[in-house]
Amino acid sequence: MDELSALQWDDIRFFLALARAGSLSRAARALQVEHSTVARRVTSLETALALRLFDRLAKGWSLTAEGEELLGKAATVEAQILGLARIAREQDPMAGRVRLSAPPVLLAELLMPTVAALSAAHPGLTIELEGSRREADMMRAEADIALRIGLPETGDLIARRIAEIGYGLYGAPGLPEAPRRWIGFDDSLPGLAQKHWLETEMAGAEPAIRSNDMATMAQAARAGLGLALLPHFLGAADPALCAYPAHQSAFSRPLYLILHADMRRAPRVRAVADALVTDLKARLDPH
């Protein structure tokens, strides 16, 4: 193998970094390597080309006439390689859109770390988040993946139980030991199991307010309006709220991931679904 056939893109990349930076230390910082690595790579390129590309000066490395001529050609090679990388990303089976429907409290409090990790790992992936309490019509492709608390009617869909979401009564510090003021669910979701449990637990007392939004209920509890039934991942993590175990009986709801059988064969949908299952299990069932 002759010297020219031994040219490597990495050597050209180091040459470009040094030519642009003007010093070993700045080029090393840009490449996140030792300055000796930069010098070795550039020397390797000079040997392969049998050309002196830099004058080693006390104040820095300066391009020779041959180095100046090579700089434009090397930049063209760089542009072509980056273009190939862009094409490869565009053909990445992970590139494209995945639509995820979930209750707003899950999107806001649990899912962002997973979404951020997926986005960082797959720049061509776009995750569309729909915060919805209603069941997305997945047969009509309103969503690729849905997260739902409680098992919905699935029909031809695949439902996978992920974890159990535990709930408790939370309120501001300083309430009576067995407070009777509470924050209720409104009637927009009459069949909601959480609503039935809370009304049974607080039988005989009228709610201070009602809402259909978990964030609003948590904020009302912080303001001292009474007890709110909140998932532990929300209530226990809030330093402005205290658990009131005098009213606690065991209450939990299963969390399901739902997707259409056809969609699980799409690599990007399957990857998002698998990441959600892994991360949510770790957060909700740590043991």
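## The model as a whole

The structure is a predicted model, in which local features need pLDDT of at least 70 and side-chain atom pairs count only at pLDDT 80 or more, while totals for chains, interfaces and linings use all residues. Residues are numbered from 1 along each chain as its sequence is written, and side-chain values use heavy atoms, with hydrogens and water left out.

The protein has nine helices and 11 strands, where helices (H or I, at least four residues) and strands (E, at least two) are DSSP runs numbered from the N terminus. Of its 287 residues, 41% are buried; buried means under 20% relative accessible area, exposed over 50%, and partly exposed in between, using a 1.4 Å probe and protein chains only.

## The nonpolar cores

A nonpolar core is a set of buried Ala, Val, Leu, Ile, Met, Phe, Trp, Tyr and Cys residues joined through side-chain atoms within 4.5 Å. The largest such core holds 54 residues, and the members that touch the most others are L106, L111, I145, L147 and L257. Helix α9 (residues 267-284) gives the most to this core, supplying eight residues. Because domain 2 (96-163 + 254-284) and domain 3 (165-250) both contribute residues, the core lies between them; these domain bounds come from an automatic or database domain assignment.

When residues up to four places away in sequence are not counted, L106 touches L111, L147, I165, F233 and L255, a contact being heavy atoms within 4.5 Å.

## The salt bridges

Side chains of opposite charge can pair when their charged atoms come close. A salt bridge is counted here when a side-chain nitrogen of Lys or Arg is within 4 Å of a carboxyl oxygen of Asp or Glu, and a search of the whole structure finds 14 of them. In one, E78 pairs with R20, and the closest N and O atoms are 2.8 Å apart. This pair links distant parts of the chain, since E78 is in helix α4 (residues 65-90) and R20 is in helix α1 (residues 9-21), 58 residues apart. E78 counts as buried, at 18% relative accessibility, whereas R20 is exposed, at 52%.

A second salt bridge joins K195 and E199, with 2.8 Å between the closest N and O atoms. These residues, K195 and E199, are four residues apart in helix α6 (residues 193-201), which means that about one helical turn separates them. K195 counts as buried, at 7% relative accessibility, while E199 is partly exposed, at 32%.
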